[in-house]
Amino acid sequence: MFKKLTGLFIACVALGGCVSMSEDDCLTANWAAIGANDGVNGAAYSTLETRVNQCREYGVEADLTAYNRGYEDGLRTYCTPRNGFEVGSRGSSYSNVCPVELEPEFLAAYNEGRELYRLESNLRSAENALNSLYAQIDDKEDDIEDLRKRQRKDGTKLPENEYRSRLDDLSGDIRRLRRYIDERQFDVRLARDALNAFAYRRW
């Protein structure tokens, strides 16, 4: 039962804290296990209120004592520096759930993880921008090749002035795009250097 609940609640928290308890869930609930799963996943304590209200619709009262005991146990697993870094590096939010004696170290590691997440996101964005630029240039070059092939066939040949105009437009587009290559490459180097500096400082 505990393993089944674990998979369900981890998936819900990963999707943004969804809470859904059927009548059967409420009737057979292991409230200590539910609380432990919520705590392990750093779910806000308000999650309990949602569970309580859902079960009351079926005439079932939650075992708050068991839930709270499990929740506190789960938080001791969640609120560690190692997990704080993992949570932050995934870009996940923190719901201010850690006990006061555990929160400072958790938050310090969490903020380090968030910084790693930010730097990795910046590098991905810079690389995507550069790759997008290369792809646009490739598309324009393909258009030029298609235009030249068309011009070699009598059935699809364009008037010379129209052909030259289209060719000039495409060539101009390529020249314009290529002017941004150095700038995009610089952005990638800058983002990669920042990420490497973080890794060197931390490890």
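Tutor: Helix α7 covers residues 103-151 and helix α8 covers residues 160-178; the two pack with their axes 9 Å apart, at an angle of about 165 degrees. Here a helix is a DSSP run of H or I of at least four residues, a strand is a run of E of at least two, and both are numbered from the N terminus. An axis is a line fitted to C-alpha atoms, for helices over the stretch in contact, and angles run from 0 to 180 degrees between N-to-C directions. The angle makes α7 roughly antiparallel to α8; angles over 145 degrees count as roughly antiparallel, under 35 as roughly parallel, 65 to 115 as roughly perpendicular and the rest as oblique.

The model is predicted: local features need pLDDT of at least 70, side-chain atom pairs count only at pLDDT 80 or more, and totals for chains, interfaces and linings use all residues. Residues are numbered from 1 along each chain as its sequence is written, and side-chain values use heavy atoms, with hydrogens and water left out.

The crossing of α7 past α8 is left-handed, a term for a near helix turned anticlockwise from the far one by less than a right angle, while clockwise gives right-handed. Residues in contact have heavy atoms within 4.5 Å. On the α7 side they include Leu133, Ile137, Ile144 and Leu147, and on the α8 side they include Tyr163, Leu167, Leu170 and Ile174. By class, this contact has nine nonpolar, three polar and nine charged residues. Ala, Val, Leu, Ile, Met, Phe, Trp, Tyr, Cys and Pro count as nonpolar, Asp, Glu, Lys and Arg as charged, and the others, Gly among them, as polar.

The axes of α3 and α4 come within 11 Å and cross at roughly 145 degrees, and α3 passes α4 in a right-handed crossing. Trp31, Ile34 and Asp38 in α3 meet Thr47, Arg51 and Cys55 in α4. These residues divide into three nonpolar, one polar and two charged.

Rings of Phe, Tyr and Trp (its six-membered ring) pair if their centres lie within 6.5 Å; planes under 30 degrees apart count as stacked, over 60 as edge-to-face and the rest as tilted. The count comes to seven aromatic pairs. One of them is the edge-to-face pair of Tyr45 and Tyr71, at 5.4 Å centre to centre with 65 degrees between the planes. Tyr45 lies in the loop between α3 and α4, and Tyr71 lies in helix α5, 26 residues apart. At 41% relative accessibility Tyr45 counts as partly exposed, whereas Tyr71, at 6%, counts as buried; buried means under 20% relative accessible area, exposed over 50%, and partly exposed in between (1.4 Å probe, protein chains only).

Tyr94 and Phe106 form a tilted pair, 4.9 Å centre to centre and 45 degrees between the planes. Tyr94 is in the loop between α6 and α7 and Phe106 is in α7, so the pair ties together parts that are twelve residues apart in sequence. Tyr94 is buried at 12% relative accessibility, and Phe106 is buried at 0%.

Most residues other than glycine have a negative phi. Asn96 counts as exposed, at 60% relative accessibility.
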